[in-house]
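Thanks for coming. I will go through one model this morning, starting with its sheets and ending with the whole chain. Please have the sequence and the structure open.

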Amino acid sequence: MKKIIVGLIIVVCIGIIAWLRLNPPLEKGTLGSNSESTSVVIELGNKGLRDIQVTEVFVNYGEIPSEVKMQINHPDKGFIVVDDFSSSEAAAFNFFNLMDAKIKKGTIIGEIYEKQDKKQVEEDDRIYGLTILNEQPIYKVEVHYRYLGMPYKIEVSMK
C-alpha cells in the first residue's frame with residue numbers, strides 16, 4: 001500500500017512539473033523600440049499562480065545589454081521608449097532594477113486590454129515593460145526568469 005501511495009505521489013509530481021514546463025507563465029505582448037533599435041520595451045504579463053522574477057536578460061547572441069530595467073506603470077499611463085533612464089522624459093515613469101521588480105501573478109495582458117476597453121481599469125492594476133538599452137541594435141532578446149523555483153527562458157525576436 002505504501003508503495004502505491006509513493007508511486008502516485010511521484011506520478012503526480014512529475015505531471016505537475018511537466019505541465020509547468022509545457023505551459024510557462026510568462027507572456028509577451030507589445031514590442032516597442034527607437035528608430036535605431038538600441039532601446040526596446042517588451043510588455044510582459046504573468047498568467048501563473050505566483051509572482052515571476054526576471055533574473056537575466058541577453059541580447060542578440062548572448063551579449064549582456066548596456067542597461068536593463070523594468071517599467072511598472074498603470075495601464076492608462078503605458079510605457080515609454082527612452083535612450084537614457086535619467087532623462088527628463090523617463091522621470092515621469094517608474095523604472096526598477098530587475099531584482100527589485102517581480103511580475104505579479106494574474107497580470108494577463110489580454111485581460112488588462114479588455115479592462116481598458118471597458119474602462120474598468122482599477123487603481124492598483126499594473127503593466128510590466130522590460131526596457132533594454134544597448135550600444136548596438138537589438139535583434140533578439142532572451143529573458144531568463146524563475147517561477148516556483150524553476151528556471152525558464154523565452155526568446156523574443158524584435159523583427
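Before I talk about sheets, one term: two strands pair if DSSP finds at least two bridges between them. Strands themselves are DSSP runs of E with at least two residues, helices are runs of H or I with at least four residues, and both are numbered from the N terminus.

Please keep in mind that this is a predicted model, in which local features need pLDDT of at least 70 and side-chain atom pairs count only at pLDDT 80 or more, while totals for chains, interfaces and linings use all residues. Residues are numbered from 1 along each chain as its sequence is written, and side-chain values use heavy atoms, with hydrogens and water left out.

I start with β3, residues 52-59, which is joined to β8 by six bridges and runs antiparallel to it. At residue level, V57 has V143 in β8 as its bridge partner. On to β9, residues 150-157: eight bridges pair this strand with β8, again antiparallel. Here V143 has I154 as its bridge partner in β9. The hairpin of β8 and β9 has two residues between the strands, and L148 there takes a positive phi near 50 degrees.

These strands belong to an open sheet of four, in the order β6-β3-β8-β9, with antiparallel pairing. The edges are β6, residues 102-103, and β9; each has a single partner strand, so one side of each has no neighbour in the sheet.

Now, buried or exposed: what holds for most of β8? Buried means under 20% relative accessible area, exposed means over 50%, and partly exposed lies in between, with a 1.4 Å probe and protein chains only. Six of the eight residues of β8, residues 140-147, are buried, so this strand is largely enclosed by the rest of the structure.

Next, the other sheet. This one is open too, with five strands in the order β1-β2-β7-β4-β5 and antiparallel pairing. Its edge strands, β1 (26-33) and β5 (95-96), each pair on one side only. Two bridges link β5 to β4, residues 67-73, in the antiparallel sense, and Q71 stands opposite F95 in β5.

The side chains of T131 and Q71 make a polar contact at 3.0 Å. A polar contact is a pair of N or O atoms within 3.5 Å; within protein, one must be able to donate a hydrogen and the other to accept it, and residues adjacent in sequence count only if both atoms are side-chain atoms. T131 is buried, with a relative accessible area of 0%. Leaving aside residues up to four places away in sequence, T131 touches V40, V41, E67, V68, K69, Q71, F85 and F95, where contact means heavy atoms within 4.5 Å.

Last, the whole chain. The protein has two helices and nine strands, and from the N terminus the elements run α-β-β-β-β-β-β-α-β-β-β. Of its 159 residues, 42% are buried. Among contacts with a separation of 6 or more, 71% are between residues 24 or more positions apart. The C-alpha trace spans about 70 × 40 × 25 Å along its principal axes.
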